[in-house]
Amino acid sequence: MAREAALAACLEAVLGNRSSANRVFELLEPLAGQEEPEDIVSAARICGRLFGALLERGELFVGPLPEQDASLGESYSAQDKYRIWMRHRYRDCIGCLGELMGHDSFQVKEQALCTLMKFVELEAQYPLIKIEWKGTLTFPCDLLNVVVDGLLPTTEDASLLISRFQEYLEYDDVRYFVMKAVTASIGQVMQKTKERPLPFYQQNVFSLISPINMPNKESEMVKFMVKQDNCEELKFSKLQAHRQVFQKMWLTFLKHKLPPGLYKKVLVILHDSVLPYMNEPTLMMDFLTVAYGIGGAISLLALNGLFILVHQHNLEYPDFYKKLYSLLDPSIYHVKYRARFFHLTDLFLSSSHLPAYLVAAFIKRLARLALTAPPEALLMILPFICNLFRRHPACKVLLHRPAGPADMSEDPYVMEEEEPSESRALQSSLWEIQSLQSHYHPDVAKAAAVLNQSLSEMEDDISGLLELSAAELFDREVKKKAVDVPLEFEPVRGLFGKKNDIFAEHFSLD
C-alpha cells in the first residue's frame, strides 16, 4: 500500500506541474518486470491514469514523432519539446506493457492488457495523428497490433488471457482491426517456420479467432468502441468488408500445416462458424479436400464442410462416394464423431438417383462391420440399413437370399475392394443380419428380425438413436420393470395335491 501511495503521489506531481515531468521515470521503472507482481500491477494502473489524462488533455505530441534528440533543436517551442518528450515516455510505457503481456503472473498480464486497450480507446477518441481532411480514420491500428502480438506468443498457451480479451471483440471496429492484425501476424510468424507447425502459436491463433461472432446483417453493426465522424462510410462498418477480412484471416491460417489435434478443432466449427460468413466459401475446397484425404476422424469431420460446398455451392468432388465408402472401417462404430458421420452419410445416400451397386456396397459393408459392433451402434445401424432398402428397392435382392444361393460356396462380396462398383455386393446376401437375429441383446435381435418381414414405406427416424451410448443402454435395461415369470405349469396346491389344512390345525399354537 505504501508503494502504491508513493506512485499515486508521483502521478499527482507529474500531472500538476511540468517541472516534475522527470518523475515519470519513477512510474515506468516498476514496469521493467523486476518488481513483485502487486507492485507491477499498481504501476501499470497508475501509468494508465497518467497517460490517459495526458491524452485527454492533448499534452502528447500529435503527428509523426521526431527523434528525441532532434526535438531539442530551436525549431520546436518549449511546449512541443515537452509533448515530444512525454510522447516518447508514452511509447516506452506501451513497449513495457506489451512485454508484460508475457509475464509469469496472470494478474500482471491482465492489467497490461486492460491498460493497453484503455489506450486504444483513448487514442481513437484523441488521435495522435494529424487529421488533414474530414473522414480520416483515427483508429490506432499500430497500438492494437501490440495487443494482438501479446495475445499470440509462440512458446506458451495464452488461452486464459485471450478469453479475457473476448469482451473487446464485441465491438465491430475492434473485431475488424483485430482480424487484420491476426492475418498480418500469421504471415510474419509462419513464414519463418518453413512449413513446420508451431503448436502453441497456432493454438493461440485458433483460441482468438474461433469465438469471433460475425454479424449476419449490416443493420446489426451498431456497436463501436469509438464512433468515427463518418463511420457509415468507412470499411469496418460494412458487412462485405468484414466478411472479406474474416475470409482472408481464415484462409491465411489454414494454408499452413496444422497439428493433428488442431485439425479436428477447426473442422468441428468450420461448417457453423466459418463457411456461412465467408464471401466465397468455395475457397475452402482445397483445405477440406486435403483434410478429407487424411483419413480417420479428420476425414469424418471434413464431411460437414464438404456437404455444405457440394449441396449449397454446387461443387463437384471427384470420387466422393468412393472416399466415403473407404471411411467405413471397424472404428466407425466407436469413434467420438459417430453420430455426426452417420447423420451426414444418411444425407449423402438419400438421393434416389444413386446406382443400386453403390448403395448395395454401403449396405453390405455396414452389415459386415456390424458383426463386431457394440449393441448401442447396432440399434442405430439396423434401422439405417432398413431406410436404405426403402429408398432403393433394387437392393432388396440382398434380402431375397438371406443365406445365399445354394451353389454359393463363399460370399462373393470383396470386403477389401476400395471401388464400390467392383465389390460385387449385389451378388451377395445379408447373412450378417441373419446372424444378428441371434444376438445376445434382445433389442438387437428384434431389430435385425425386422428384415424378415415386408418393410413399411415410412422410414424409421434414427435421429434419436445416433447419440445412443452404452451407458444409456445399460440404464434403460436397469430401469425396466420386472414381470412375473411362471416357474411351474400348474400352481402348487399342497404336498399331496390338496391344501394340508390338517397340518395347520395339528401344529397350531392355539
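Buried means under 20% relative accessible area, exposed means over 50%, and partly exposed lies in between, using a 1.4 Å probe and protein chains only. By that scale V268 is partly exposed, with a relative accessible area of 27%.

This is a predicted model, in which local features need pLDDT of at least 70, side-chain atom pairs count only at pLDDT 80 or more, and totals for chains, interfaces and linings use all residues. Residues are numbered from 1 along each chain as its sequence is written, and side-chain values use heavy atoms, with hydrogens and water left out.

**Overall make-up**

The secondary structure of the chain comes to 21 helices and zero strands. Helices (H or I, at least four residues) and strands (E, at least two) are DSSP runs, numbered from the N terminus. The chain has 510 residues, and 49% of them count as buried. Contact means heavy atoms within 4.5 Å. Among contacts between residues at least 6 apart in sequence, 73% join residues at least 24 apart.

**Helix pairs**

Two packed helices are described by the angle between their axes and the distance between the axes. Axes are lines fitted to C-alpha atoms, for helices over the stretch in contact, and angles run from 0 to 180 degrees between N-to-C directions.

| Helix pair | Angle | Axis distance |
|---|---|---|
| α17 (residues 375–391) and α19 (residues 442–449) | about 20° | 9 Å |
| α16 (residues 356–370) and α17 | roughly 160° | within 11 Å |
| α13 (residues 296–312) and α15 (residues 338–348) | about 30° | 9 Å |

Angles under 35 degrees count as roughly parallel, over 145 as roughly antiparallel, 65 to 115 as roughly perpendicular and the rest as oblique. A crossing is left-handed if the near helix is turned anticlockwise from the far one by less than a right angle, and right-handed if clockwise. For residue classes, Ala, Val, Leu, Ile, Met, Phe, Trp, Tyr, Cys and Pro count as nonpolar, Asp, Glu, Lys and Arg as charged, and the others, Gly among them, as polar.

Take α17 and α19. At an angle of about 20°, they are therefore roughly parallel to each other. The crossing of α17 past α19 is left-handed. From α17 come P375, L378, L379 and L382; from α19 come D443, V444, A447 and A448. This contact divides into seven nonpolar, no polar and one charged residues.

Helix α17 also packs with α16. Their axes cross at roughly 160°, which makes α16 roughly antiparallel to α17. α16 passes α17 in a left-handed crossing. On the α16 side are V359, I363, L366, A367 and A370, and on the α17 side are L378, I381, F384, I385, L388 and F389. The contact has eleven nonpolar, no polar and no charged residues.

Next, α13 and α15. Their angle of about 30° makes α13 roughly parallel to α15. The crossing is left-handed. L300, L301, L303, N304, F307 and H311 of α13 meet R340, F341, L344, L347 and F348 of α15. By class, this contact holds eight nonpolar, two polar and one charged residues.

Helix α9 (residues 199–209) has eight of its eleven residues buried, so it is largely enclosed by the rest of the structure. Those buried residues are Y201, Q202, N204, V205, F206, S207, L208 and I209. They pack against α6 (141–151), α7 (159–165), α8 (172–190), α10 (239–254) and α11.

V268 lies in that α11 (residues 260–274). Not counting residues up to four places away in sequence, V268 touches L301, Y337 and R340. Its C-alpha atom is 9.2 Å from that of G305, 37 residues apart along the chain.

**Cysteines**

A disulfide is a covalent bond between the sulfur atoms of two cysteines. Here the criterion is a pair of cysteine sulfur atoms within 2.5 Å. A search of the whole structure finds zero disulfides. For C10, the nearest cysteine sulfur is that of C47, 9.0 Å away. C10 is buried, at a relative accessible area of 1%. The sulfur of C47 is 4.4 Å from the closest cysteine sulfur, in C93, too far for a bond. C47 is buried too, at 0% relative accessibility.

Most residues other than glycine have a negative phi. R424 has a positive phi of about 60° although it is not a glycine. R424 is found in the loop between α17 and α18 (431–436). It is partly exposed, with a relative accessible area of 43%.
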